[in-house]
Amino acid sequence: MESFDFGIVGLGVMGRNLLLNMADHQFAVAGLDLDAAKANSLESEADTGQRVKGTTAPEEFVKLIKRPRAIMLLVPAGNPVDAAIETLLPYLEEGDIVIDGGNTYFPDTDRRVASLAEKKIHFFGMGISGGEKGARFGPSMMPGGDKKAYERLRPIFEAIAAKVDGEPCVAYLGNGSAGNYVKMVHNGIEYGIMQLIAETYDLLKRGYAFDDETLQQTFEEWNQGELQSFLIEITGEVLKKYDDETGQRLINLISDRARAKGTGKWTSQNAMDLQVPIPSIDVAVNMRDISIYKEERIQAAEQLTWDYTVGSIDANEKSALQEKVKNAFYFAMITIYAQGLAQLHVASKTYDYGLNLEEVAKIWRGGCIIRALCLEDFRQAYKRTASLPNILLDKEIGRKLVDRQADLRAIVKEAVDKGIPVPAFMSSLAYFDAYRSATLPTNLIQAQRDYFGAHLYERTDKPGTFHTQWD
């Protein structure tokens, strides 16, 4: 009893893989699951000499863990998290630490932090990225909560996290729900980049008649350069997979009705609350929604027509086109990260998280779904200017976008002419153009609001707010 370093409640794939990862790093770990089969089989999955124990009894489980106890919940978000906490509470003591490792909406984490603080128990919300493989061999982890209590967790988390240049992809991020909030925005960025990749695939395939083999090779080659990232890498893998039953490329047999779990929607909703524009992430959520209306889209395709011809292109033209699309993709990808990081900048002040965005960029470089070569550039940008409100204001990053903007403008024009929807490309360009506009036409909107609702307006020539009797 009280000799195990860490415990996890919920022995699904993520929970088991994290425990086995910890065991690989010489930590003694225990797991709790009401499913006896999962609890009993856990020990058999460990290597000889590793201390791993599974149980179905909450009291026994809690008593196995060293004080102050460190227990992670890996159960579905919402009521199951509260139920798991209630099950453990009778056996927990002052100073113990409970970590929610799921995708929880951050206000729920704030509520749980406050509730357990009354019992002098620390509650952490921690985002985990990297999927099943990441959990087993090195995830990116985003913990937030009491800074002193984190020292109990730090040696374990740093040991099991992914490493980039020897640095662990985990760091204490900030107070309260900071960890869950950063993971939420991480997922919003993930939505945006996945949409951008899908649009690129569609434009090359439908708009320029790239065959499946050329498409696959294009993404594979892109992953060797400045676009190197997990999502580009797996796109190349996905496009080469053949279906065992039909012999066809599997991608051509997969339905275009997209599913979502809601984390992208949370990012958009909260950004609107904070008045932070993230149009490329918003449109990614919208496109998943519009994909659901398959029957309507089929009918609309027959009625709302636009004729265009896909012309043939030779090898030299194809190579030039690939380079142009690559530059456009890079531009749009950077603006998607910029939008998410700008949201974190504002949220940190609003919710008193105390986020260090250099640290955020650092721990996203490895293990996680949105890991990419460009994150080291972001890290260096925040190292130069810690208070940077938007990475587009970093001179080095901004210069790279200025140099590529002509290619993005050309790609958007061509997509419009062809009738291929590229809203992530379009919104990224519109965001860039709006952000770099010293003046916007919102002065007219202010006048309109005052006209119909006496909402007042500000002037450019003197301070104060004003109302005009317009009629």
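## Annotated sites and helix packing in a predicted model

Not counting residues up to four places away in sequence, H455 touches R449 and D450. The model is a predicted one, and in it H455 lies in the loop between α19 (442-453) and β10 (457-458). Both H455 and R449 belong to the positions that UniProt, in an unreviewed entry, gives the feature "binding site", among which are also N103, S129, G130, G131 and H186. These positions span 353 residues in sequence, and because the farthest two C-alpha atoms are 48.8 Å apart, they do not all gather at one spot.

Two of the annotated residues can be set side by side.

| Residue | Relative accessibility | State |
|---|---|---|
| G131 | 31% | partly exposed |
| H455 | 41% | partly exposed |

G131 is found in helix α6 (residues 131-137), and, leaving aside neighbours within four places in sequence, G131 is in contact with M14 and I369.

Helix α1 (residues 13-24) packs with helix α2 (residues 36-45) at an angle of about 30 degrees, their axes being 11 Å apart, and the crossing of the two is right-handed. On the α1 side R16, L19 and L20 take part, meeting K38, S41, L42 and E45 of α2; the residues of this contact divide into three nonpolar, one polar and three charged.

In helix α16 (residues 374-384), the buried residues are C374, L375, F378, R379, A381 and Y382. Seen down the axis of α16, these buried residues fall within an arc of 160 degrees, so they line one face of the helix. They pack against β9 (167-168), α14 (315-350), α15 (357-363) and α17 (395-418).

Terms used. Residues are numbered from 1 along each chain as its sequence is written. This is a predicted model: local features need pLDDT of at least 70, side-chain atom pairs count only at pLDDT 80 or more; totals for chains, interfaces and linings use all residues. Side-chain values use heavy atoms; hydrogens and water are left out. Buried means under 20% relative accessible area, exposed over 50%, partly exposed in between (1.4 Å probe, protein chains only). Helices (H or I, at least four residues) and strands (E, at least two) are DSSP runs, numbered from the N terminus. The arc is that of the directions from the helix axis to the C-beta atoms. Contact means heavy atoms within 4.5 Å. Axes are lines fitted to C-alpha atoms, for helices over the stretch in contact, and angles run from 0 to 180 degrees between N-to-C directions. A crossing is left-handed if the near helix is turned anticlockwise from the far one by less than a right angle, and right-handed if clockwise. Ala, Val, Leu, Ile, Met, Phe, Trp, Tyr, Cys and Pro count as nonpolar, Asp, Glu, Lys and Arg as charged, and the others, Gly among them, as polar. UniProt positions are given in the numbering used here, feature names are shortened, and annotations may be inferred rather than shown by experiment.
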